[in-house]
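Here's a quick tour of some side-chain pairings and packing in this model. Have the coordinates open as you read.

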Amino acid sequence: MTVETTVYKAARVWTLDPERPLAQALAVREARLLAVGTLDEVRAAAGPDAREVDLGAATVVPGLVDAHAHLHGLGKSLTTVRLEQSASVEEVLQRLAQAPASSFQGDWLLGKGWDQTGWPGGEFPGRAELDQRFPWTPVLLTRVDHHAAWVNGEALRRAGISRSTPDPEGGRILKDARGEPTGVLVDNAMDAVTAAMPAPTREQLETRLRAALERCARVGLTGVHDAGMDLDAFRALQAWDLEGTLPLRVYAMAAGQGEERHGYLEQGPWHGRHLSMRAVKFLADGALGSRGAALHDDYSDEPGQRGLLLLSPEELEARAQAFMGRGFQVCIHAIGDRANTLVVDVLLRGAERTGTQALRHRVEHAQILRPEDIQRLGAAGLVASVQPTHATSDMRWARTRLGSERLKGAYAWRSLKDAGAHLALGSDFPIENPDVLAGLYAARTRQDAKGWPEGGWYPEERLSATESLEGFTVGPAWASFEEVRRGRLKPGMDADFVALSEDPVEGPAAALVEARVLATVVAGAEVFRAED
């Protein structure tokens with residue numbers, strides 16, 4: 001049987017190999033890179049019978065990987081009512097009125113992506129408008145950050161939430177002046193509502209996952225680090241991986257927050273062809289937009305409120321050390337400065353007690369830190385899994401929440417890198433768009449797509465063009481223990497690469513705003529090819 005070899009030639013190939021950073025072509029055989037170099041060198045290595053693909057003026061880069069994302073969440077957002085960029089409560093209601101059938105889970109109407117900070121007044125919505133339009137249909141609308149939900153009276157009734165229901169540990173049930181629930185639930189307060197919902201059917205789950213994987217391939221992702229995968233989603237991906245039909249590489253973190261963690265602990269780490277699970281994800285706090293991020297001092301725009309810890313420090317430490325002892329990399333969501341102090345403490349102490357410093361434990365988001373915690377995180381060589389587009393989404397209102405002083409340690413990618421942290425960049429989709437080119441642009445500029453603010457928001461924290469590209473390639477490879485196989489384009493490494501219409505290294509950053517993904521290749525197989 002003849003083994004096919006394919007030669008890809010392009011205007012330039014950025015290899016991120018320090019010994020040979022720029023090439024003209026590469027050859028693929030049996031899912032690996034056979035040769036990388038000049039076109040003549042690659043043709044000679046590939047042999048006369050090789051198939052040749054001319055990518056024209058494209059720039060080829062190593063496979064782009066989102067180091068923090070949620071596949072099931074993306075699939076859900078693609079198939080339920082999309083509320084991103086809604087300008088008011090009335091616009092949300094208009095979109096709900098046109099909900100497709102896929103927006104229902106059982107008889108519950110689902111939507112995702114509202115953000116009150118862009119509405120007139122900027123205040124949280126209430127249940128009255130939902131109750132008027134949907135008196136008998138339970139409605140659950142997840143905020144853009146997934147750390148708050150807006151529900152109607154029927155959803156509250158089914159969840160057993162009333163004026164006498166106290167706030168759960170790590171959650172808030174917002175109530176009006178009369179003590180009645182307003183319909184907004186923050187962090188752990190959402191659990192009672194989600195527990196009252198029917199689970200998605202197997203067909204529904206698989207439809208969502210397929211939609212998410214297809215979208216990822218189209219935007220140039222060859223891999224995703226899934227930050228907290230539920231067991232049903234993992235089993236579905238595992239079945240596809242075992243039959244060889246999982247198109248992208250998925251580095252799954254077990255969902256460590258709920259009861260499913262016991263099953264993952266019992267199973268232990270798992271490795272397949274394109275799917276692996278050797279990490280676990282916990283949440284220390286909530287999100288900044290819903291004032292759930294845990295701060296050392298009060299929110300600047302809500303005196304007396306310092307956010308929420310979603311697990312007690314003692315419980316977080318116990319769970320982290322249990323998973324460390326089973327050989328899992330521990331990844332902990334930390335947004336606020338208090339949460340980041342706690343998480344660095346937990347990871348350093350746990351790694352020392354369990355002897356697992358080599359497991360490359362991670363701080364997910366590492367969003368707002370005190371200077372001393374930036375230095376501690378970096379000195380320990382922890383992974384800082386950060387999301388560039390979070391900064392450009394939050395920059396218009398973050399000062400209102402935090403004030404000027406705390407912003408000096410917020411979204412501080414350059415400071416983290418200079419301190420010694422390993423940066424792995426992602427998007428946190430579907431909270432942000434999965435478009436990895438937007439992430440590359442934001443990392444370099446700290447500006448929105450229109451170039452605001454001039455010079456960038458806290459521009460001293462920008463990354464260079466090469467560092468930004470490394471953040472979506474070399475960084476995720478290191479963070480998932482795959483640096484000898486992925487992240488660069490060298491002979492012998494996995495044939496994961498992406499062809500782009502613009503050069504993300506030497507081209508202007510502004511060109512990335514309109515850039516296109518021309519091809520996405522995983523293990524030598526084209527999982528996406530743009531139409532001419």
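## Cysteines

Searching the whole structure turns up zero disulfides (a disulfide being a pair of cysteine sulfur atoms within 2.5 Å). Take Cys-216: the closest cysteine sulfur, in Cys-331, sits 18 Å from its own, so that's too far for a bond. Both ends are tucked away, though: Cys-216 is buried at a relative accessible area of 0%, and Cys-331 is buried at 0% too. Here buried means under 20% relative accessible area, exposed means over 50%, and partly exposed is in between (1.4 Å probe, protein chains only).

A word on ground rules: this is a predicted model, where local features need pLDDT of at least 70 and side-chain atom pairs count only at pLDDT 80 or more, while totals for chains, interfaces and linings use all residues. Residues are numbered from 1 along each chain as its sequence is written, and side-chain values use heavy atoms, with hydrogens and water left out.

Helix H14 covers residues 398-407; helices (H or I, at least four residues) and strands (E, at least two) are DSSP runs, numbered from the N terminus. Its buried residues are Ala-398, Arg-401, Leu-402, Gly-403, Arg-406 and Leu-407. They pack against helix H11 (337-354) and helix H13 (388-394).

What does Arg-401 meet in a salt bridge? The partner is Asp-301, at 2.7 Å from N to O. The pair links distant parts of the chain, 100 residues apart, with Asp-301 in the loop between strand E17 (275-283) and helix H10 (313-325). Arg-401 counts as buried at 6% relative accessibility, whereas Asp-301 is partly exposed at 26%.

The structure holds 45 salt bridges, each a side-chain nitrogen of Lys or Arg within 4 Å of a carboxyl oxygen of Asp or Glu. One of them joins Arg-376 and Asp-345, with the closest N and O atoms 2.8 Å apart.

Glu-259 is exposed, at 60%, but Arg-261 is buried, at 10%.

## Around Glu-502

Glu-502 lies in the loop between strand E22 (497-500) and strand E23 (517-522), and is partly exposed at 33%. Setting aside neighbours within four places in sequence, Glu-502 is in contact (heavy atoms within 4.5 Å) with Thr-59, Ala-511 and Ala-515.
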